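Reader: I am new to this structure. Please take me closely through one part, the place where the two chains meet.

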Amino acid sequence: MMNSLILNAATRLLVALLLLFSIYMLLRGHNLPGGGFIGGLIGATGFVLYAIAHGCSATRAALRVEPQSIAMVGLGIALAAGVFAVFFGDALFTGQWLFLGATEDDYGLPLSSVLVFDIGVYLVVFGSILTIVLALEEEV
Amino acid sequence: MSWLLAAPLIIPFATAVLAFLFRNGPEGRWISVMGSAALLIASGLLMQAVLAEGVVAGQMGNWPAPFGITLVADLLSAVMVVITGITGLAVAVYALADIEERLEKLGYHALFQVLLAGVCGAFLTGDLFNLYVWFEVMLIASFGLLILGGRRQQLDAGIKYVTINLVSTILFLAGIGLLYGMTGTLNLADLHLAVQEVENKGLLTVVAVMFMVAFGVKAAVFPLFFWLPASYHTPSVAVSAIFAGLLTKVGVYALIRMFTLVFTEDVDYTHTILLWVAGFTMVTGVLGAAAMNDFRRILSFHIVSQIGYMILGLALYTPLALVGAVFYLVHHIIVKANLFLVAGVARRIAGSTELSAIGGLYKTAPVLGLLFLIPAFSLAGFPPLSGFWAKYILVKASLDLELWLVAGVALVVGLLTIYSMTKIWGNAFWKPHPAGMQPKLGSLSGRDRASLILPIASLAILTCVIGLFPEPFVQFAERAAAQLLDPVDYVATVLGTEVEGATGLAQLEGIE
């Protein structure tokens, strides 16, 4: 933990920006560079910054949930999204699509299990990075 | 097909999630045991399919190869997954008595299962980038297991472990990038064909050496092994047993896979380097072990020296030598994990793994003595145990090529292994306990005794079975080696097309 006024003030803004950017990266990843892995890394960076500025206990309080639990929930979500395809007779990890409000010449709102998988990956990466960093930071 | 291939990945991941949910109660450890048993069954079914039908491949998400991620199992992959199942189950049972509640609450069982998933994934993937992902899964899980509990000594080991592994990862990634730039594909089967078209053979060799260094770090070969003896003796016994048995062997597997399937263009150059590496690895490992005085540290250095034998099998690159390498891999995982488990029981009843601080085990716990002797003699290569056949095949392979020096080194290293094993035997088992303690297995509760001794005894029996009836195992290794040397079947199954022209075996005959 660093006692720096500049860092403390800047962190407030940066954490929010990083978290927003991480979600942008997560959603962008479907067709462009990005995705759950990099999104999770960026999101975790936000909280790592917070931990450096305000300490680990404040970070844990801000997270509300244990980072290990976040990672495991993510793993469960990713796994479920992968196995989900089997119920429709497809190979594992085949994307399943739902086109909300689709008409003859409009796809409507496409929803996919691919995004669910990516959200799972996001949470796994986010949770495990924070688990490791907080464990190391608390030890020092 | 895709189910059979994905089950060894899905089962441990699902078990990890369940075990984590129940980490505060006793259910977590039983979930871990059941998950490991299910993994063993799944791996058995996969093995059955591979034996019956040859190479099995499945495309994840229905994306056809070489664009999507392919899972593929040939005989080598299948046997490695089976061995992972066996060791995983043995260690999960052992962990019932070995892992403290404090570590369970931190999520030990979940991390253990994620590690198993990572190992299985590395064995089953048919895609180079996916292999990198599985390496990362393993790295994160093993780092977590290594520092679990957070003692200073563990953190020190963990930092060394992660730093050197990250260096290896960077090289691995850079190699992947260069290879992709040259060939435009990362599917291993497709690479096998594509590297033959590459015009810049010099750059290909450079990339081959980058992969050699990257996997060499993971496999702990000379001169990149120093992280291993610095870290493997620090975590709890169950953790170090699974590390000792499986982790470095993933590096060896990756080396074997890449240098039989992809990098076979300049065998004279790459495999000569491997031959030197193998020799030095054997010698430095065994000499390091001779200088150590701690049960687990001695065993750690012996992992290094034994890795040398497996690399030797790959470096000689003849059918017989690869048979030896495959046989050695299987034999070694069982034996080495078992020795670490024995070390754990010795610590439990005699109070330490430091050889000067324990003793008298033979007098008061003769059963443990017997259970130590079986894997220890097998490691050193005594007939009729499994290690004898493994060493015999490799020495014969080097003699066939008239590499007298290499064969001599392999034999002398075997002798020095006996020296280390007798040092453990003399200190831990024969000499009286320095503090006058009388270590007895009876001092453990009945339940603890069962869950500690049962896995050790089962693995020891397996070692004896391989030693006494080597014929089917050698035949199996012969078939696996034949697939490695002539990957037509592998390539055709993955790509779904017939392959023409020169492959591994044809090139090999060209060299001879």
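Author: What follows looks at the contact and then at each chain behind it. This is a predicted model, in which local features need pLDDT of at least 70, side-chain atom pairs count only at pLDDT 80 or more, and totals for chains, interfaces and linings use all residues. Residues are numbered from 1 along each chain as its sequence is written, and chains are lettered from A and ligands numbered from 1 in the order in which they are written.

Start with the contact. Chain B brings 19 residues to it and chain A brings 16 residues. Two residues are in contact if their C-beta atoms, placed from the backbone, lie within 7 Å. On the chain B side, α1 (2-21) and α6 (128-147) each supply at least two residues. Helices here are DSSP runs of H or I with at least four residues, strands are runs of E with at least two, and both are numbered from the N terminus. α1(B) gives the most to that side, with 8 residues.

Now chain B as a whole. Chain B holds 22 helices and 2 strands. Its radius of gyration, taken over C-alpha atoms, is 22 Å, close to the 24 Å from the globule rule (2.2 Å times the number of residues to the power 0.38) for 512 residues, so chain B is as compact as a globular protein of that length.

Chain A comes next. Chain A has 5 helices and 2 strands. They run α-α-α-α-β-β-α from the N terminus. The radius of gyration of chain A is 18 Å, well over the 14 Å that the globule rule gives for 140 residues, so chain A is more spread out than a compact globule.
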